[in-house]
Amino acid sequence: MITPNAACSPPARDRRVGARRPLLWVFIAAFVLCSLLDLISEAVGWDRAADVFRMLALPLLACALFAARPPITRTVVLLVGGLLFSWLGDSLGEFGFMVKIMLFLIAQWFFIGAFWSYRQRSLLRRPVAVLGYALLLVILTAVLIRRADELAIPVVVYGASLVTMAILASGLNRWGMIGGLCFVFSDTLLGMHRFYRLPAADLMDFLIMLSYLLAEAFLVRGVVAAAWHGQPRKGVRGRGRYHLRQPST
């Protein structure tokens, strides 16, 4: 049963059993191996191999998420939607940069919806931090739209969505915060490489994919950890106050 704003605090025995699920570790190992092969292929310029490993990485990460068996909350469902559209962006991005932007934009909206219930614990409660993210957005947007031409508006919309996601992801836990920042870093490199044609293309592809795969993995890790440790109760302000409920069966 999907619960909109509730997560679960399983008994200690359940957590121990979950930690020992062999299938979970199989999918984690497969994701890590596939990611490493993708990164090696990117670094040495094996484009065909990189395409194959890139297509496999996120499905394996999604399988690891399912194998972890977190409580099926709205956050988890929307996270899967974000992974799906990220994978579509990886798969169909070759049909044009605009296609890639639109698919990843939809992915960011799914992530925003997934992390929205954590907003009271996020950096939204820290005006200085929000100002820092906003300043970063303004600088990056100003740099990219100089070369974006007809893509200027999509770049602005995507940048605003990306930074919003990163701020909200900070409400999950430290894994979520790191994942959000990795996503910002990865897409910043992607934009700079796309519009400014930076040198060392293979190295840039390597760094873009490294930060992107880390971003997706950290966001999944953050959601799983947050799901097992409880979500903030809807409408309740303040840190450390949770509404915990056992999973429905």
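## Ground rules

Residues are counted from 1 along each chain as its sequence is written, and side-chain values use heavy atoms, leaving out hydrogens and water. Since the model is predicted, local features need pLDDT of at least 70 and side-chain atom pairs count only at pLDDT 80 or more, while totals for chains, interfaces and linings use all residues.

## The whole chain

Let's start with the overview. The protein chain has 9 helices and 2 strands; these are DSSP runs numbered from the N terminus (helices are H or I, at least four residues; strands are E, at least two). Reading from the N terminus, the order is α-α-α-α-α-α-α-α-α-β-β.

Of the chain's 249 residues, 46% count as buried (under 20% relative accessible area with a 1.4 Å probe, protein chains only; exposed is over 50%, and partly exposed lies in between). Take the contacts (heavy atoms within 4.5 Å) between residues at least 6 apart in sequence: 76% of them join residues at least 24 apart.

## Helix α6 and what covers it

Helix α6 covers residues 127-148, and its 22 residues should span 32 Å at 1.5 Å a residue; the end C-alpha atoms are 30 Å apart, which agrees. The expected span is 1.5 Å times one less than the number of residues.

Which residues of α6 are buried? They are Tyr 133, Thr 141, Leu 144 and Ala 148, and their cover includes α7 (152-169) and α8 (174-196).

## α6 against α7

The axes of α6 and α7 come within 10 Å and cross at roughly 155°. Axes here are lines fitted to C-alpha atoms, for helices over the stretch in contact, with angles from 0 to 180 degrees between N-to-C directions. The two helices are therefore roughly antiparallel (over 145 degrees; under 35 is roughly parallel, 65 to 115 roughly perpendicular, and the rest oblique).

On the α6 side, the residues in contact include Leu 137 and Ile 145, and on the α7 side they include Val 155, Gly 159 and Val 163. By class, this contact has 12 nonpolar, 2 polar and no charged residues.

## α5 against α9

Helix α5 (residues 97-115) and helix α9 (residues 201-229) pack at about 25°, with axes 12 Å apart. That makes α5 roughly parallel to α9. From α5, Phe 104, Phe 111 and Phe 115 make the contact, meeting Tyr 212, Glu 216, Leu 219 and Val 223 of α9.

Note on methods:
Ala, Val, Leu, Ile, Met, Phe, Trp, Tyr, Cys and Pro count as nonpolar, Asp, Glu, Lys and Arg as charged, and the others, Gly among them, as polar.
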